[in-house]
Amino acid sequence: MSKKIIIDKFEEYIIGCIDEMETGEKVIFTKDENPLTKDKKITLIKTDDNTFNILEDGVNEFEFSDLDFNGVIKHLLEIQPKEFPDCTHIYSHRG
């Protein structure tokens, strides 16, 4: 399921995602409505009760591991403008 997120509401959306995610669940952020796009993407993965990984596949390719709630928010808010600089909205794909 794809959801359009306005950039101004990105932090609020991240907080909601973190609260709702189950262990093993992924959320992929892209600028395209298609989650299988070859374009830039950021993947958030819940690995444990309070632990997350972020995979950045685009301008830079990084992996941030063993992040807590605050670490996820901090890194996603830093990565988003680099990966999607000219976007007024992005898409979230949960699954």
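1. Tyr13 is buried, because its relative accessible area of 15% falls under the 20% limit for that class. The model is a predicted one, and the remarks below should be read accordingly.

2. Tyr13 forms an aromatic pair with Phe29; the arrangement is edge-to-face, with 6.3 Å from centre to centre and 85° between the planes. Since Tyr13 belongs to helix α1 and Phe29 to strand β2, this pair ties together parts that lie 16 residues apart in sequence. Phe29 also counts as buried, at 1% relative accessibility. Ring pairs join Phe10, Tyr13 and Phe29 into a cluster.

3. The count of aromatic pairs in the model comes to three. One of them joins Phe62 and Phe64: the ring centres are 6.2 Å apart and the planes stand at 35°, so this pair is classed as tilted. Phe62 counts as partly exposed, with 45% relative accessibility.

4. Six strands make up an open sheet with antiparallel pairing, in the order β1-β6-β2-β3-β4-β5. Its edges are β1 (2-6) and β5 (61-67), each of which pairs on one side only. On average, neighbouring strands of the sheet are turned by 20° against each other, direction ignored.

5. Strand β2 pairs with β3 (residues 41-48) in the antiparallel sense, over five bridges. Within β3, Ile42 is the bridge partner of Phe29.

6. Two helices should be noted against the sheet. Helix α1 packs on the sheet and touches β1, β2, β3, β4 (51-57) and β6 (89-94), its direction making about 5° with that of β6. Helix α2 (residues 69-83) also packs on the sheet, where it touches β2, β3, β4 and β5; its direction makes about 10° with that of β4.

7. Glu25 is located in the loop between α1 (10-20) and β2 (26-30). Is this residue buried or exposed? Glu25 counts as buried, because its relative accessibility is 17% and the limit is under 20%. The side chain of Glu25 reaches the backbone nitrogen of Glu22 at 2.9 Å. Leaving aside residues up to four places away in sequence, Glu25 touches Glu20, Leu44, Ile45, Lys46, Arg94 and Gly95.

8. The structure holds zero disulfides. Cys17 is in no disulfide, and the nearest cysteine sulfur, that of Cys87, is 17 Å away. Cys17 is buried, with a relative accessible area of 1%. Cys87 likewise is in no disulfide.

Key
Residues numbered from 1 in each chain as written. Predicted model: local features only at pLDDT ≥ 70, side-chain atom pairs only at ≥ 80, totals over all residues. Heavy atoms only, no water. Helix = DSSP H or I, 4+ residues; strand = E, 2+ residues; numbered from the N terminus. Buried < 20%, exposed > 50% of the residue type's maximum accessible area, 1.4 Å probe, protein only. Polar contact = N/O pair within 3.5 Å; in protein donor to acceptor, adjacent residues only side chain to side chain. Contact = heavy atoms within 4.5 Å. Pairing = 2+ DSSP bridges. Axes fitted to C-alpha atoms, helices over the stretch in contact; angles between N-to-C directions. Disulfide = S-S within 2.5 Å. Phe/Tyr/Trp six-rings, centres within 6.5 Å; stacked < 30°, edge-to-face > 60°.
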